[in-house]
Amino acid sequence: MFLWPIYGLSKKYSKKFEFKTNNSKTVFKKSLHVFFIDGGSDVELLLEFYSLLSPKYNLHAYGIFFTNTPRHADVLVILSRPTQKMLPIIQEAISQMPSPYGVMLIENSNIGLYFEKLNLKNVVAHLKNVSEPTGILKKLIEIAQGGLIC
Amino acid sequence: MKRLLGIIKKEDSEQLFVNSGSFVGLVDNSQSKEFKAYKWQKELFESKEPKDELFNFRLGPSSGALLESVTFNIFTYGERIKEVYIDNSYKSRSIEKLMIKKDVFEGLRLAEQICTSFAFSHSCAYSKAIENAFNIQPSYKTKIMRLIFIETERIFNHIYVISRLADAAAQKVLANHLIYLFDEILENNKYLFKNRFLKNINSIGTIKYISLDQLKIFVNKLENIVNKFEKLYKFSLKSENYLDRLHNTGLLTTDDFEEFNFDGPAVKAMNFSLDTRSFEDLFDDFKPILEEGSDALSRMIVRAKEIFQSIDLIKKLLIKLQKNIDEKNKNISIDDDQQKRNTIALTESPSGTIYYYIELVGNKIDYVYVATPSFFLVKAMEKALIGQIFTDFTFTVESFGAFFSDAAK
């Protein structure tokens, strides 16, 4: 087998998606820093977010980066309807975010607290029954290009 | 090797849910002295207060270093980890309570939501329990297809765990290649079932209809992915840096097994097996994969070898299935006859055996206890972290392949 980098380059994993983008210059000018928080999910959404790191989705080419703290993030993604014990953790994470910021909600089951009753501010997207990486990526690109977060 | 799977508390009575090899069932709690695991399962800890000179490094519940919401209370002296307490209650959704008073078919969907990574294993264990209770005999085809998909689940779960481990051990290129393969398997699942994690395809007494041609294409794609994994895995073993990080990290002993009763690849890495697939009639001459190191490296090797073993098992099962594919699916209905029933069933998930103990009144669930592999692995993780330095933290944690949603339920 070749050395790692040569083996990797020979594979050409990245996939061309047919998302509507404004133009290539805008895509690379703007970047979106994302922090995700597990609301107490059954790990399906976490695994899908983990799949997004696959070279196939080539996130960085779209200017999307995952951060390790909400203080560096433009968008907080809450994965699944939260458990009661996770609610204060989520509220604290939101309070730590620099303005302007957005909150993206994703839910895949009927267990946990209702997002609608939490009165969360700055909700820029709420995905229901869309848990696949392609759907999530598409929404993140839309948010990045919407001009709300630059 | 006896295991205490759980403590069944109902009103004032208490019984022990045990597995002693040939026997799986409930025994009187007077036998609690025979199980060292009784103490921690009963939450009879002597003291959780750390010594004065230790520093409590609290990691979580939400941190960039962690995928799931969980808190690690790590008591350190300098760089050395002295004590660890894991709090996974943030993930608790009380699914066992949600199942009570539910119809058996509604219970199945809740079982799949305990942990998506083991969704099919949970679904099989639950449906087997209900089938035992109502004397429902699934067809030969259903039995074989369930085994094929349990092995498929094992393959993608093991690739995921090894990718997390490679990422933790700073093998970023390997990790990215493995994430790609993980995603490819999920896409393959979606092609056949419209669901990436094999949810909603198993039911009580039956399974979703899939033609033999579709299944052959599915298995061929899976085999190609496993072949790609084999190349990467063999190449990764040439990296001394990678091996050195995993070797002698997160060691466990047989005393730890007796105390915490964990299962799965963590036990197989200690050169003995509790794999319930050994008793499965449809597997000819099944031999569990064993390693001797008892460390993170051995656990990784067991998982990698199990991937190759699983694809071989799938191919053998496919040959058996070809003779029986034309069996028609049955519509199963269960009447609410108000009779009381108790039932137990198990399935070998990627990280250990899942046990279901269910009490039914008619077709409604009256009580349920689920013994999940991660429940025990979390305790093994706490033990394995003691004595490690901080750098080894992530390798040790990821090597167990435990999910906190599975442990907290």
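How many residues of chain A are in contact with chain B, and how many residues of chain B take part? In this predicted model, 30 residues of chain A are in contact with 31 residues of chain B. On the side of chain A that touches chain B, at least two residues each are supplied by α1 (4–11), β1 (32–38), α3 (44–51) and α4 (87–95). Helix α3(A) gives the largest share, five residues. By residue class, this side of chain A divides into 14 nonpolar, ten polar and six charged residues. The model as a whole scores ipTM 0.87 and pTM 0.91. For chain B, the mean pLDDT is 87, and 96% of the residues reach 70 or more.

Chain A contains five helices and five strands, which follow one another along the sequence in the pattern α-α-β-α-β-β-α-β-β-α. Of its 150 residues, 40% count as buried. Among the contacts in chain A between residues at least 6 apart in sequence, 78% join residues at least 24 apart.

The strands of chain A build an open sheet of five strands in the order β2-β1-β3-β4-β5, with parallel pairing. Its edge strands, β2 (64–66) and β5 of chain A, each pair on one side only. From one strand to the next, the twist averages 25°. Strands β4(A) and β5(A) are paired in the parallel sense over five bridges, and Val103(A) stands opposite Val123(A) in β5(A). Two of the helices that contribute to the side touching chain B also contact this sheet. Helix α3(A) lies across β1, β3 (75–79) and β4 of chain A and runs at about 135° to β3(A). Helix α4(A) packs on the sheet as well, touching β1, β3 and β4 of chain A, and its direction makes about 170° with that of β3(A).

The loop between β4 (102–107) and β5 (123–128) of chain A holds Gly112(A). Gly112(A) and Gly39(A) are 73 residues apart in sequence, and their C-alpha atoms are 8.6 Å apart in space.

In chain B, three strands form an open sheet in the order β1-β2-β3, and the pairing is antiparallel. Strands β1 (3–10) and β3 (24–28) of chain B stand at the edges with a single partner strand each, so one side of each has no neighbour in the sheet. The twist in this sheet averages 30° from one strand to the next. Strand β1(B) pairs with β2 (residues 13–19) of chain B in the antiparallel sense over seven bridges. Within the sheet, Arg3(B) stands opposite Asn19(B) in β2(B).

Helix α5 (residues 140–168) of chain B comprises 29 residues, which at 1.5 Å a residue should span 42 Å; the C-alpha atoms at its ends are 42 Å apart, in agreement with that expectation. The helix α5(B) is mostly covered, 26 of its 29 residues being buried. Just after α5(B), Ala170(B) takes a positive phi of about 65°.

Definitions and conventions. Residues numbered from 1 in each chain as written. Chains lettered and ligands numbered in written order. Predicted model: local features only at pLDDT ≥ 70, side-chain atom pairs only at ≥ 80, totals over all residues. Contact = placed C-beta atoms within 7 Å. Helix = DSSP H or I, 4+ residues; strand = E, 2+ residues; numbered from the N terminus. Nonpolar A, V, L, I, M, F, W, Y, C, P; charged D, E, K, R; others polar. Buried ≥ 20, exposed ≤ 12 C-beta atoms within 10 Å, placed from the backbone. Expected span 1.5 Å × (residues − 1). pLDDT = per-residue confidence, 0-100. Pairing = 2+ DSSP bridges. Axes fitted to C-alpha atoms, helices over the stretch in contact; angles between N-to-C directions.
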